[in-house]
Amino acid sequence: EKSKKKNGTKLKHIIPHGCDRIFTLYPYQGKCGKTLTHWKNFNMRGFAEIFAKAVFEFTDKKEELKNIKIVPVPPRPKKMRNKGWDQIEDMAIQLEYIYKLEIIRCLKRKDGNAQKNLSREKRKTNLEGKFVLKNLKTKLPDTLIILDDVMTTGATLHFCACALKAAGCKRIYGLSLFFD
């Protein structure tokens with residue numbers, strides 16, 4: 001958000017979202033939400049194969065998403081230390097090896113507060129500056145897809161897209177399995 005003063009009052013202007021377009025597959029309600037909860041919290045890692053197939057089929061049917069390299073949202077380092085695995089990385093591995101999609105692991109995430117523990121308002125700013133580009137030996141493509149599991153406020157996709165655009169990417173699509 002940017003703030004400007006006009007006639008003594010502070011006006012807030014929304015900065016355009018970092019993603020050029022966002023796609024979501026399922027609502028985070030009912031059985032879908034329970035499935036995601038089991039996948040993430042009860043180590044039901046086999047769901048990665050099911051969701052990878054859904055992502056592949058979705059991107060394969062969408063002409064504008066075909067043959068675009070995918071950037072998985074990186075996990076918080078503390079989560080990896082505590083849990084030892086990440087559902088997005090599991091899905092990225094399936095997409096890479098089974099469906100032969102090109103995955104670019106070019107982002108890293110600095111530690112911070114987990115989004116799930118915050119209010120919607122705090123989620124919007126919690127991740128600012130938390131995603132940075134890894135040292136890469138090659139230039140990034142002009143167009144990329146950022147892959148995440150749940151979109152609530154869009155902050156994760158936004159800040160990942162901002163980091164990629166700062167590195168020279170021109171068009172960024174967000175793709176999230178679930179939306180809340």
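**Close-up views of a predicted model**

**View 1. Elements around the largest pocket.** Five elements each give at least two residues to the lining of the largest pocket: α1 (30–41), α3 (77–83), α4 (87–97), β7 (143–151) and α6 (155–166). Helices (H or I, at least four residues) and strands (E, at least two) are DSSP runs, numbered from the N terminus. The model is predicted: local features need pLDDT of at least 70, side-chain atom pairs count only at pLDDT 80 or more, and totals for chains, interfaces and linings use all residues. Residues are numbered from 1 along each chain as its sequence is written, and side-chain values use heavy atoms, without hydrogens and water.

**View 2. Residues of the pocket lining.** The lining holds 31 residues. Lys 40, Gln 87, Gln 115, Lys 116 and Asp 149 lie nearest the pocket centre. A pocket is an open set of points on a 1 Å grid over the protein atoms alone where a 1.4 Å probe fits, with protein on both sides within 12 Å along at least five of seven lines; lining residues have an atom within 4 Å of a point.

**View 3. Asp 90 in helix α4.** Asp 90 sits in helix α4. Asp 90 counts as buried because its relative accessible area is 12% (buried means under 20%, with a 1.4 Å probe and protein chains only). Beyond residues up to four places away in sequence, Asp 90 touches Arg 45, Ala 48 and Trp 85 (contact means heavy atoms within 4.5 Å).

**View 4. Met 91 and its contacts.** Leaving aside neighbours within four places in sequence, Met 91 is in contact with Trp 39, Ala 48, Phe 51, Ala 52, Val 55, Leu 147 and Leu 177.

Note on methods:
Buried < 20%, exposed > 50% of the residue type's maximum accessible area, 1.4 Å probe, protein only.
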